[in-house]
Amino acid sequence: MPVLRGEIMENLVNYAVSYAERGFYVIPTVGKKPLKKFAGLPAMTLDEIKAFWSKHPYANIALKTDKFFVVDIDRHADGADGVEEIRKTGQTEWFKNTLAQRTAHNGFQYFFKKPTGMKIAQNIAFLPGVDIKAHVNNYVVVAPSVVDDKPYQWISKTGIMREPDQGLLDLIKEKSVRAAPQANFTGSFGGKTQTTQLFEQIITGLGETGGRNNALTVFVGGLLRRNVDPQIAYNLALLANENTEHSLSEAEVERTVQSIITAELRRREEGGS
């Protein structure tokens with residue numbers, strides 16, 4: 001039976017405020033799409049949240065995965081069953097006693113505090129039907145939001161987000177190591193352009209330690225001059241950084257990219273070509 005949005009509408013702002021009061025970074029969404037820019041920006045204040053939801057009372061609520069990561073388990077009839085893949089690990093106890101919700105499409109999401117001393121990277125298809133959502137500028141929609149007339153619902157008994165078990169961290173680390181490519185393509189097309197080099201740098205990375213910041217500046221500047229959306233340019237920069245042997249910190253990438261965006265906006269305002 002479809003959920004009547006009016007039944008939960010007046011509670012959405014209260015939930016959004018409650019999440020913010022608990023230290024979460026709140027993002028309003030329509031469906032799963034953000035209604036406002038948030039990457040690199042401070043979290044909305046309580047007053048800003050109240051004002052926003054007064055204008056957009058049906059807005060869903062998402063939380064930025066800056067201080068926590070999520071094990072996102074899908075179970076689609078026409079694809080991999082993430083629940084079964086988790087069972088195959090023989091370690092279902094990893095997912096007990098932490099904050100958890102049932103998603104709008106009958107999947108499950110388990111929330112864990114990000115550990116100190118280990119970087120948790122975004123990992124799509126961590127296991128078949130299972131993703132790790134952890135990027136500092138990623139987010140997850142949360143209850144009581146509704147997508148496709150179906151609600152998100154908290155299912156954990158304690159409502160407490162706990163530290164992940166070491167076994168889960170070990171598995172995440174193991175799965176984050178990229179397998180060596182099996183295919184061996186030969187030949188070269190030649191005639192490379194600057195745009196070609198930008199595409200290739202997403203995979204080849206930012207180079208040696210001494211030149212990473214300069215390479216990042218040239219890479220992002222090249223994207224912006226080709227009118228790539230700043231948010232997409234930032235995400236591509238993160239991919240290139242992840243493919244760098246000795247990568248920069250996410251905070252350093254964010255600072256550098258923001259500086260380049262600011263400089264590019266100033267250049268355009270001054271009539272630069």
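**Stop 1: a threonine and its neighbours**

Start by selecting Thr29 and Gly31: the side chain of Thr29 comes to 2.9 Å from the backbone oxygen of Gly31. That is a polar contact, meaning a pair of N or O atoms within 3.5 Å; within protein, one must be able to donate a hydrogen and the other to accept it, and residues adjacent in sequence count only if both atoms are side-chain atoms.

Before moving on, note that this is a predicted model, in which local features need pLDDT of at least 70 and side-chain atom pairs count only at pLDDT 80 or more, while totals for chains, interfaces and linings use all residues. Residues are numbered from 1 along each chain as its sequence is written, and side-chain values use heavy atoms, with hydrogens and water left out.

Is Thr29 buried or exposed? Thr29 is buried, because its relative accessibility is 0%; buried means under 20% relative accessible area, exposed over 50%, and partly exposed in between (1.4 Å probe, protein chains only). Now show what surrounds Thr29: beyond its neighbours within four places in sequence, its contacts (heavy atoms within 4.5 Å) include Pro34, Leu35, Asn60, Ile61 and Tyr139.

**Stop 2: the sheet**

Thr29 belongs to strand E1, which covers residues 26-30. Helices (H or I, at least four residues) and strands (E, at least two) are DSSP runs, numbered from the N terminus. Select E2 as well: E1 and E2 are antiparallel, with two bridges between them, and Thr29 faces Pro34 of E2. Two strands pair if DSSP finds at least two bridges between them.

**Stop 3**

Four bridges join E3 and E9 in the antiparallel sense, and Lys64 has Tyr139 in E9 as its bridge partner. What covers the faces of E9? Look at its side chains: Tyr139 and Val141 on one side, and Val140 and Val142 on the other, are all buried.

Follow the chain on to Pro144, in the loop between E9 and strand E10 (146-147). The peptide bond joining Ala143 and Pro144 is cis, with omega about 5°.

**Stop 4: two positive phi angles**

Most residues other than glycine have a negative phi, and most peptide bonds are trans. Select Ala125 in strand E7 (residues 123-127): its phi is positive, near 60°, and Ala125 is exposed, at 52% relative accessible area. Then go to Asn227, in the loop between helix H6 (212-225) and helix H7 (230-242). Asn227 has a positive phi of about 65° and is exposed, with a relative accessible area of 60%.

**Last stop: the whole chain**

Zoom out to see eight helices and 12 strands. Of the 273 residues in the chain, 41% are buried. Among contacts with a separation of 6 or more, 73% come from residues 24 or more positions apart.
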